[in-house]
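I opened a new page for this chain. These are my notes on what I looked up.

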Amino acid sequence: MDTTILKRLGGTALSHSKESLSLAFIQALLASTGLNHNEPKIDNDGIDITIRGKNYPGLYGEPKIEAQLKCTAKANCIDIEKNELVFQLEKKNYNYLVGPSPLPIILVVHYAPKSHDEWLKETNTGTTIKYASYWYSLYGDKKIDNGSKVIRIPLTQRLTRKSLLWMMEEASEGRRIYNLGRFSHGK
């Protein structure tokens, strides 16, 4: 196997670079909302980041949400007709995300350009991370016995400052995070 295809210019494996891009995107959102986060030193249970709030007026003053981060650059992962991001999730990751869990857990998939040279747009006035991340809740779904599962994330579930703050409000009130349209209280 030609490993030059699997490594970036700095020598990091492509999979690690994608992981870093996904994490950088969510960290930028968190910085702009005032939310905090923790990253586990060892990722052996599928959680890449815990998002933390402080001084919320709800049932839990310091709500937390756990997230598993993924990144894809596959050209055919956007289904334009159905307005969805299509992502193949391995059994281990899928079964962890369906619960049960004492904290809300979401899957976050960052959709990036195929070429790593296009991941960032740099100008004299700033840097833009391309393209966007989307969130999905698998909580309560049935576990699978083998293989993987195709997850179809509505493009309306883009991870934004507004959606992050909404999720923290839900967690503060002790509510699970459900996909939009599942219940009327979603935003």
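The entries below go from the whole chain to its parts.

**Ground rules.** I am working with a predicted model, in which local features need pLDDT of at least 70 and side-chain atom pairs count only at pLDDT 80 or more, while totals for chains, interfaces and linings use all residues. Residues are numbered from 1 along each chain as its sequence is written, and side-chain values use heavy atoms, with hydrogens and water left out.

**Whole chain.** I looked up the secondary structure and found three helices and 10 strands. Helices (H or I, at least four residues) and strands (E, at least two) are DSSP runs, numbered from the N terminus. I read the pattern along the sequence as α-β-β-β-β-β-α-β-β-β-β-β-α.

I then looked up burial. Of the 187 residues in the chain, 41% are buried. Buried means under 20% relative accessible area, exposed over 50%, and partly exposed in between (1.4 Å probe, protein chains only). The chain exposes about 11,000 Å², and carbon and sulfur atoms supply 49% of that area. Accessible areas come from the Shrake-Rupley method with a 1.4 Å probe, and for residues only the protein chains shown count as cover.

I also looked up contacts, meaning heavy atoms within 4.5 Å. Among contacts with a separation of 6 or more, 60% are between residues 24 or more positions apart.

**Helix H1.** How far apart are the end C-alpha atoms of H1? I noted 29 Å for this helix of 20 residues (residues 14–33), which agrees with the 28 Å it should span at 1.5 Å a residue. The expected span is 1.5 Å times one less than the number of residues. Buried residues of H1 include Ser17, Leu21, Phe25 and Leu29. Just after H1, Gly34 has a positive phi of about 85 degrees.

**Strand E6.** I checked how covered E6 (residues 105–111) is, and seven of its seven residues are buried. In a regular strand the side chains alternate between the two faces of the sheet. In E6, Ile105, Leu107, Val109 and Tyr111 point one way, and Ile106, Val108 and His110 point the other way.

Which strands pair with E6? Strand E3 (residues 64–72) pairs with E6 in the parallel sense over seven bridges. Strand E9 (residues 132–136) runs antiparallel to E6, joined by five bridges. Two strands pair if DSSP finds at least two bridges between them.

**The three-stranded sheet.** I found an open sheet with the order E4-E5-E10 and antiparallel pairing. Its edge strands are E4 and E10, each pairing on one side only. E4 and strand E5 (residues 84–90) are joined by two bridges, and Ile78 stands opposite Leu85 in E5.

**Salt bridges.** Side chains of opposite charge can pair when their charged atoms come close. I searched the whole structure and got four salt bridges. A salt bridge is a side-chain nitrogen of Lys or Arg within 4 Å of a carboxyl oxygen of Asp or Glu.

Arg152 and Asp79 form one of them, with their closest N and O atoms 2.5 Å apart. Arg152 lies in strand E10 (residues 148–154) and Asp79 in strand E4 (residues 78–79), so the pair ties together parts 73 residues apart in sequence. Arg152 is partly exposed at 29% relative accessible area. Asp79, Glu84 and Arg152 are linked in a network of salt bridges.

Glu62 and Lys54 meet at 3.6 Å, N to O. Here Glu62 is partly exposed at 42%, and Lys54 is exposed at 57%.

Arg175 and Glu170 meet at 3.0 Å, N to O. Is Glu170 buried or exposed? Glu170 is buried, with a relative accessible area of 4%, whereas Arg175 is partly exposed at 38%.

**Cysteines.** How many disulfides are there? I counted zero, a disulfide being a pair of cysteine sulfur atoms within 2.5 Å. The closest cysteine sulfur to that of Cys71 is in Cys77, at 9.4 Å, so the two are too far apart for a bond. Cys71 is buried at 14% relative accessible area, and Cys77 is buried at 3%.
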